[in-house]
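Trainee: I am new to this structure and would like to understand the words used for it. Could we look at it together?

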Amino acid sequence: MSLIFYYSPMSTAVITECVLAELGVDHEVKQLNIQSGDTLKPEFLKINPNARVPAIVHDGTVIWESAAITMYLGEVFGVKEKLYPELSPKRGEAMKWIVWSNVTLAEAGGRMAALSPESGAGTTETKSLDWVPPEMRFEVAYEKAKADVLNCFKILEDALQEQGFMLGAYSLVDTHVQGIVGWICSMGVDLSLFPKMMSWLSHCGQRPALAKMQN
Ligand SMILES: N[C@@H](CCC(=O)N[C@@H](CS)C(=O)NCC(=O)O)C(=O)O
């Protein structure tokens, strides 16, 4: 079995790093520097023509998009470990949250990052594909993005009312969604209105694989 992981620190690839750490799957890491333009080099564009990390190559097949990678790794390595549901309606629920977090939540978060009036780290850095020049960042669009994020957080908070983790017991859904929520919180979103989310984030952070990575 061969598994290659294309990674960059402080990027969406950290979610895949957490998933691989939870699963304990052997893999080779190829670290890229986005700011130096590694993701734009022809050899990486052959792996991911979108010029983005994460990407994995499993036994010669390339998979990109973090949601697809989490679902794939979960299906292949996570079912026996009880970190991903077997083929059942629960599997559908897992897919629902993972796709939602990338398509709806991260989309709103991405708008927020790109339009933030404060030029800062991450996606707003010059040279990033997502960088928007300061004169093109509109306050009203930023506020709309923030409202969309808060609406998503309310949906997550309500879902967490029922149970401690997203699917009841801890699963790769929590690993994945907490990564996106953590990135959005790093932009200074106030979580005090969302006590269930705060407690969920803290429980996720106590997972040995995630706690080890934070040290
Ligand atoms: N939808 C993609 C997003 C991946 C993405 O945006 N990656 C960023 C880092 S967070 C990237 O590689 N950016 C390269 C660049 O900005 O040049 C996924 O979930 O995998």
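Trainee: What makes A108 and R111 count as touching D148?

Mentor: Contact means heavy atoms within 4.5 Å. D148 meets that with A108 and R111, leaving aside residues up to four places away in sequence. Keep in mind that this is a predicted model, where local features need pLDDT of at least 70, side-chain atom pairs count only at pLDDT 80 or more, and totals for chains, interfaces and linings use all residues. Residues are numbered from 1 along each chain as its sequence is written, and side-chain values use heavy atoms, with hydrogens and water left out.

Trainee: Why is the link between the side chains of D148 and R111 called a polar contact?

Mentor: The term asks for a pair of N or O atoms within 3.5 Å; within protein, one must be able to donate a hydrogen and the other to accept it, and residues adjacent in sequence count only if both atoms are side-chain atoms. The side chains of D148 and R111 are joined at 2.9 Å, so the pair qualifies.

Trainee: How do you know that D148 is in a helix?

Mentor: Helices (H or I, at least four residues) and strands (E, at least two) are DSSP runs, numbered from the N terminus. D148 falls in helix 5, which covers residues 139-162.

Trainee: Which residues come nearest to the ligand?

Mentor: They are R52, V53, E65, S66 and L129, out of 13 residues around the ligand. A residue belongs there if one of its heavy atoms lies within 4 Å.

Trainee: What makes E65 stand out in its backbone?

Mentor: Most residues other than glycine have a negative phi, and most peptide bonds are trans. E65 is not a glycine, yet its phi is positive, about 80 degrees. E65 sits in the loop between strand 4 (61-64) and helix 3 (66-78).

Trainee: And what kind of peptide bond joins V53 and P54?

Mentor: That one is cis, with omega about 10 degrees. P54 lies in the loop between helix 2 (42-45) and strand 3 (55-58).
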